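Student: I would like to take a close look at a single part of this protein. Please treat the sheet and its surroundings in one connected account.

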Amino acid sequence: MPTSPPAHVTFRPFAGPSDYAAMVACANASFAADETGFFRTEHEVARDYAAFTSCVPERDVWIAQAGSEIAGYVRSWPWAQADGLQLYSQFAVVAPPWRRQGIGTALHAWLEQRQRTQAATEHPGAPRHAHHAYITQGETARAALLEKSGYTPERYFFAMVRPTLDNVAVFPLPQGLELRPVQPEHYRAIWDAHGRAFQSHWGYCPPDEADYLRWLTSPVFQPHLWQVAWDVQTHQVAGQVRSYIDATWNRNNGRQRGWTEFISVGEPWRRRGLARALIAHSLRAQAAAGMAESGLAVDSQNQSGATRVYEDCGFAVDRRNCVYRKPLVLGADRGAGG
């Protein structure tokens, strides 16, 4: 592999909405080559970039330009776990014709330098810092680059699929709980209950008000599909499954898949079969909406036995994805910039 990119490839910051079309073309070519199943549209990218709160594209995106094409690009953004670990996430793609030419290596060097700068100038008081990357099973080239750069697997996540929505088992709701149609006045209670349920999970990041407001207008906000159980006596949210349908994903993968996601049960109502009951209701709702299958993602080391619950509901592991991390030590991690 070349140690430096071809001379005709130049590097530059994000220039604004005029970059969206070429960025989408690059990202989709990379997704297809790695068989990730992901697909983006210009509209989706424009919507997401306008909603960023922890990423400023003009300073946190770095682009490899090859003539009129974008050969690859990276994006950085920080976030913090509840335990104080300050993380610096990354998104990176290189289009297949431009791989193995040193472009990915150069982009990654810029990205790490940007994150070191962020750590030193924006979060100097954090007790610990780390580079963070979520890698899907098909991104073997990127995983190899990360491992060569000193990253190690931190946690594995399963992508699970239920290949049919036929023969959904009936799991009864526990006594004292009931399903209620979601109303706007319920949104905050549903959001807060999910956050409380996840406080003990690995990698938990406390959401803020900006996260809540962004959720209200996000594409996964599809209340008509949600299954929310309420405690009849206390009128508290006991558990929820916030399913959604991604029409863009379905159109470009030739599937009719719903997503059984944002599954949570509050501590007082656990170990009573509530999650299974909510998932079963969710699967039937997805079928009624015209879906033929369903997918979800789960932490492979989930302490509540979630994988077993999902298997009981007909899901099977389809892919194994991985979170890679690398310690970032202030003043000691020097490297190339760009």
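Which strands does helix α6 lie across, and at about what angle does helix α6 run to β9?

Tutor: The model is a predicted one. In it, helix α6, made of residues 187-197, lies across β8, β9 and β12, and its direction is at about 90° to β9.

The sheet itself is open and has 4 strands, arranged in the order β7-β8-β9-β12 with antiparallel pairing. β7 (177-179) and β12 (263-265) are the edge strands; each has a single partner strand, so one side of each is left without a neighbour in the sheet. On average, neighbouring strands of this sheet are turned by 20° against each other, direction ignored. Within the sheet, β8 (residues 227-231) pairs with β9 (residues 237-241) in the antiparallel sense, over 4 bridges. One point of reference is glutamine 227, whose bridge partner in β9 is valine 241.

Aromatic residues deserve attention next. Tyr187, Trp191, Tyr212, Trp215, Phe221 and Trp226 form one aromatic cluster.

For context, a search of the whole structure finds 19 aromatic pairs. Among them is the pair of tyrosine 20 and tyrosine 49, with ring centres 5.8 Å apart and planes at 80°, so the pair is edge-to-face. Tyrosine 20 belongs to helix α1 and tyrosine 49 to helix α2, so that the pair links parts of the chain 29 residues apart. With a relative accessibility of 11%, tyrosine 20 counts as buried, and tyrosine 49 likewise counts as buried at 11%. By contrast in geometry, tryptophan 62 and tryptophan 110 have ring centres 5.1 Å apart and planes at 5°, so this pair is stacked. Tryptophan 62 is in strand β2 and tryptophan 110 in helix α4, so the pair ties together parts 48 residues apart in sequence. Tryptophan 62 is buried, at a relative accessible area of 13%, and tryptophan 110 counts as buried at 8% relative accessibility.

Lastly, the nonpolar cores. The largest has 28 residues, and Tyr49 is among those with the most contacts inside it. Helix α1 gives the most to this core, with 6 residues. A second, separate core of 24 residues includes Leu177, Leu283, Ala306 and Val309.

Terms used
Residues are numbered from 1 along each chain as its sequence is written. This is a predicted model: local features need pLDDT of at least 70, side-chain atom pairs count only at pLDDT 80 or more; totals for chains, interfaces and linings use all residues. Side-chain values use heavy atoms; hydrogens and water are left out. A nonpolar core is a set of buried Ala, Val, Leu, Ile, Met, Phe, Trp, Tyr and Cys residues joined through side-chain atoms within 4.5 Å. Buried means under 20% relative accessible area, exposed over 50%, partly exposed in between (1.4 Å probe, protein chains only). Helices (H or I, at least four residues) and strands (E, at least two) are DSSP runs, numbered from the N terminus. Two strands pair if DSSP finds at least two bridges between them. Axes are lines fitted to C-alpha atoms, for helices over the stretch in contact, and angles run from 0 to 180 degrees between N-to-C directions. Contact means heavy atoms within 4.5 Å. Rings of Phe, Tyr and Trp (its six-membered ring) pair if their centres lie within 6.5 Å; planes under 30 degrees apart count as stacked, over 60 as edge-to-face and the rest as tilted.
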